[in-house]
Amino acid sequence: MERIKQALERARKQRDVVESAPISSDRTVTAPPSAVQSVAYTNTRVVPSAPGLLRKNKIIANCVDETTITAYNMLRTQVLQRLSEHGWNSLAIISANHGEGRTLTAINLAISMAREVDKTVLLVDLDLRRPGIANYFGFTPEYGVVDYMLNDIPLKEMLFNPGIERLVVLPGNCAVSNSAELLSSKKMLQLVEELKQRYPSRIVIFDLPPLLSAADALAFAPHVEAALLVIADGQTTKSDITDTLAMLEITNVVGTVLNRKMA
Amino acid sequence: MEQQKNNLVDYLITARRTKGMWVTALVVIFVIGVGVAFGLPPVYRSSATILIEQQEIPQELVRSTVTTYADQRIQVISQRVMTRANLVKIIKKYDLYIEEQEKDPLEVVLEEMRKDIEMKMVSAEVVDPRSGRPTMATIAFTLTYFSESPTLAQKVANELASLYLNENIMSRREQATEATGFLTDEADKLRDKIADLERLLAVFKEKNVNQLPELTQLNMQLLDRSDTQLLEVERQLRSIDERKIYLNSQLAQLSPNNTQYTETGERILSSMDRLKSLQAKYVSISAIYSQDHPDLIKLNKQIAALEQEVGEADDSRQLRVKKTHLETELALAVKTYGEEHPNVKKLNNSLAKINEVQKNVPDTIDESVSKQSKPDNPAYIRMLGDLEAADAEYRSLLQKQEELLAMKQDYEARLTNAPQVEREYRSLSRDYESAVMKYREINAKQMQAQLAEVLELERKGERFTLIEPPQLPEEPVRPNRLAVVFLGGVFSLVGGAGSIVVSHSMDQTIRGATGIQSLLGSAPLSVIPNMRNDEERGRTRRRLWWVLLSLCVLVCAAIAIFHWLVMPIDVLWYAGLRRLGI
C-alpha cells in the first residue's frame with residue numbers, strides 16, 4: 001500500500017509536469033527543437049506529430065484523461081522500480097496474440113517514462129512482420145531496423161523524436177519474412193547491446209511480435225533482461241496467458257498489465 | 001457482497017460483449033411465444049350436469065337390488081361408455097378428429113378423445129343417517145367435452161350425457177333382472193329338491209308304515225294286548241286240557257256199544273268180544289291140540305270171519321296175534337325143552353323178528369278201535385262228542401296262540417326297529433323341513449326382487465337426471481392467450497439471461513485484475529482503461545442509429561408484407577382483440 005501511495009504521489013507530480021511541459025511543447029510543435037533541450041538529440045530528427053493524430057491513436061502525449069494517464073504512470077513506476085532493483089535497462093513488451101494493445105502500451109509506457117526528467121527512453125519496433133510504431137506517430141520512415149540489419153544503414157538515419165522530450169524511436173519500415181532469424185542473429189545481439197549501453201540512464205523498450213503467432217519473440221527473448229506481458233481484458237484467454245508465460249520461462253517477466261479494462 | 005457485485009458486473013460485461021446473441025434469443029423466444037399464443041386453436045367446453053336422485057319410494061318399503069354406491073356405479077358406467085365402439089360411433093357421427101385420424105392410428109385418436117372428455121363428481125358433505133357421522137356423498141356429476149368447435153362441444157357433450165343416462169338405466173335394469181332371475185332359478189331348484197324329498201319321504205313311510213316313530217305308542221299297546229291275550233289263551237288251553245283228561249277218563253269207563261240182550265236176557269256179545277273170546281279159546285285149545293285138530297281149524301275159521309267183520313285184518317293185529325302165538329309157543333317150548341333147545345332158539349328168533357316189524361308198524365289199536373267200532377252207546381257218543389268239541393276248541397286255541405305269538409313277535413320287531421327307522425326318518429324329514437324353510441326364504445326374497453325389478457323398470461329407483469343440459473359455449477376456455485404471451489415474455493427473458501449466463505460460463509478469456517490475480521497469483525502492475533477516441537464514439541453512435549433505423553424499416557416491411565400477403569392489419573387487430581377476450 002505504501003508503495004502505491006508513493007506511486008500515486010509521484011504520478012501526481014508527474015502530471016503537473018505533463019500538464020505544464022508538453023502543452024508548451026505543443027505550442028511549439030512546428031518550431032525546431034531548441035539547443036537547450038538535450039545534447040543527445042542533436043543528431044536525431046525531430047518529427048513532431050499532430051495532436052489530433054495522437055489523440056486519435058490513443059497516445060497519451062497530450063491526453064487529458066486523468067485515469068488513463070494515472071494508470072500508465074502507475075505502470076511506469078512499478079516497471080522502473082523493478083528494473084532498477086536489478087539494474088536492468090531493457091524491457092520487452094509482449095503479448096499472446098495480435099490486437100491486444102501491445103504496441104500502444106509500449107508507446108504510452110515509453111512516453112510516460114520519458115516524462116521522468118532523469119530518464120531517456122528508446123522505443124524499438126521489433127515487430128518485423130508488422131512494424132507499426134511510426135504509423136502511430138503519423139510518420140513514414142525511410143529506413144527501419146531491417147535496413148540496419150541487412151543494408152547497414154546507420155542508425156542515426158532512422159532514429160527520430162516524435163516531439164516528446166527524452167523519447168527516441170527506432171522504427172521498422174517494412175515487413176520481412178525471415179524475421180525470427182534476424183531477431184536471433186548475432187548482429188541483432190550487437191545492436192541490442194549497443195542500444196543498451198550507449199547512454200546511461202536510458203531505458204530501451206522493445207516492441208515484440210505476438211508470442212503465440214510467431215517464433216520471433218521467443219527467438220529474441222534471451223536478448224532482453226525483462227519482459228512485460230500485455231493482457232487484453234475479456235479478449236486474451238486464460239490458456240493463452242499460461243502458454244505464453246510457460247514459453248517465457250527463462251525470461252524475467254516483471255509483471256502483467258491489464259489493457260482495455262471495460263468500465 | 002463485493003463478490004456478488006463483481007459477479008453482477010462480470011455478467012453485465014458479458015452481456016455487453018454478447019449482446020447480439022442474447023438479444024436474438026430474447027426476440028426469437030418472444031416471437032415464438034406470441035406465435036404460439038395466437039396460433040393455438042381455441043378450445044371450447046360444454047358441460048352437462050347430471051343429478052343422482054335418490055329412489056322415490058322409501059328404502060324401507062322397497063329395497064332396490066342395486067346396492068353399489070353412486071360414484072362407484074358412475075365409474076363403472078364411465079368404463080362402459082368409454083368403450084371403443086361407443087367412441088367410434090360418436091366420432092363417425094360428428095366427423096371428429098379428422099386430421100388426427102389421417103395421421104394417427106385409431107387407438108391414438110380414441111385416447112385423444114378420452115382426454116377431451118372429462119367427468120367430475122360433485123360431492124356434498126352429508127350426515128350418514130346410520131352412523132351419524134358426516135361423510136362425503138356424491139350427489140351429482142358433470143360431463144364435459146372439449147372441442148375446437150363450440151357446436152361440436154355441445155353436441156358431443158349432449159351425446160355423452162344421454163349415453164350415461166341410458167347406460168345407467170340399462171345397467172340398473174340388468175342388475176335387477178339378474179337378481180330376480182337368479183332368485184327364480186334358485187326357487188325352482190329348491191322346489192325340485194323339495195319334491196324329491198317329499199317323494200323319498202312318502203316311499204319311506206310306505207316302507208315303514210308300522211314302524212314309524214309316531215306309532216311306537218300304539219305298538220306298545222298292541223304288544224301289551226297281545227301279551228294279555230296270550231295269557232288268556234294259555235289259561236283256556238289249560239282248562240280245556242283238564243276237561244279233555246276228564247272226558248277221556250269218563251269215556252274210558254264207557255263202552256262204546258250198548259250191551260245187547262236177547263229176549264232171554266242173555267247178553268249178546270259184540271263181534272269184538274266174540275273175537276276176543278274166540279282168540280282166547282284158540283290160545284287155550286292150541287295148547288292142547290295140534291294144529292290139525294278140527295276144533296282148532298274151526299276156531300281159526302271163526303276168528304278169520306270175525307276179523308273180517310271187525311275189519312281188523314291189518315298187519316298190526318296179525319302181528320299181534322302172531323306174536324301172542326309165538327310167545328305162547330315159546331313159553332311152552334321153554335318149559336318143555338329148556339332154553340338150549342333149537343326149537344326154543346328158533347322161536348326166539350321169530351319173536352325178535354316180529355318185534356322188529358311191530359316197531360315199524362304203528363300201534364293203532366286204540367284209534368282203530370274207536371274208528372272201527374261203531375259205538376252206539378248214547379252216553380259214550382255224547383261223551384265222545386264232548387271230547388271232540390273240546391279237541392276242536394283246543395286246536396283253535398292253539399292256533400290262536402300261535403297267531404298271538406306271531407303278532408307279539410311282530411310288535412316286538414317293530415319296537416326294536418323303531419330307533420333305526422326313526423333316525424332315517426328324522427334325517428329325511430329334517431332335510432325336507434330345511435329345504436322348505438329355504439324355499440320360503442328364497443320365495444320371499446324373490447318377491448322382493450320382483451318388486452325391486454318393477455321399481456327399476458318403472459324408474460322409481462335411484463336415477464340420473466340431466467338437470468343442466470350442455471350449453472353452446474360462447475367463449476373458448478383455452479388457451480389463455482394473454483397468459484401464453486406473458487409466459488413467452490418470461491421465457492424470452494429467461495432465455496436471454498440464460499444465454500448470458502451460458503456465454504459467461506463458457507467464456508475462457510481473462511476478466512479483470514482479479515482474474516489475473518487468481519490465474520497467476522499476482523495482480524497486474526496496472527489496469528489501463530479502455531480508451532475510446534472520438535471516431536470510435538461517433539462510430540458507435542452511428543451504428544446505433546443504423547440499427548434502429550434498419551429495425552424500423554424491417555418492422556414496417558414485415559407489417560406491409562403481412563398486410564398484403566396474409567391478412568389486412570385491421571382484421572388481424574380485431575381478431576387479436578377478440579382472442580384476447582377484449
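**Notebook: the contact between chain A and chain B**

Entry 1. I looked up a salt bridge and found that the side chains of Lys58(A) and Glu536(B) form one, with 3.0 Å from N to O. I note that the model is a predicted one. The count of salt bridges between chain B and chain A is two.

Entry 2. I then asked which elements of chain B give two or more residues to the side that touches chain A. They are helix 1 (2–17), helix 16 (512–520), strand 7 (526–529) and helix 17 (534–566). Helix 16 of chain B gives the largest share of that side, five residues.

Entry 3. I looked up how many residues take part in the contact. Chain A contributes 36 residues and chain B contributes 25 residues.

Entry 4. The size of an interface is often given as the accessible area lost when the parts come together. I therefore looked up this area. Chain B and chain A bury about 2,700 Å² between them, and 65% of it lies on carbon and sulfur atoms. In chain B, the residues that lose the most area to chain A are Leu525(B), Ile528(B) and Met531(B), which together make up 29% of what that side buries.

Entry 5. I examined how strand 7 of chain B meets chain A. Strand 7 of chain B pairs with strand 8 (residues 252–261) of chain A in the parallel sense, over three bridges.

Entry 6. Last, I recorded the polar contacts: 12 residue pairs between chain B and chain A, with both residues at pLDDT 80 or more.

Methods: Residues are numbered from 1 along each chain as its sequence is written. Chains are lettered from A and ligands numbered from 1 in the order in which they are written. This is a predicted model: local features need pLDDT of at least 70, side-chain atom pairs count only at pLDDT 80 or more; totals for chains, interfaces and linings use all residues. Side-chain values use heavy atoms; hydrogens and water are left out. Contact means heavy atoms within 4.5 Å. Buried area is the accessible area (1.4 Å probe) that two parts lose on being put together, summed over both. A salt bridge is a side-chain nitrogen of Lys or Arg within 4 Å of a carboxyl oxygen of Asp or Glu. A polar contact is a pair of N or O atoms within 3.5 Å; within protein, one must be able to donate a hydrogen and the other to accept it, and residues adjacent in sequence count only if both atoms are side-chain atoms. Helices (H or I, at least four residues) and strands (E, at least two) are DSSP runs, numbered from the N terminus. Two strands pair if DSSP finds at least two bridges between them.
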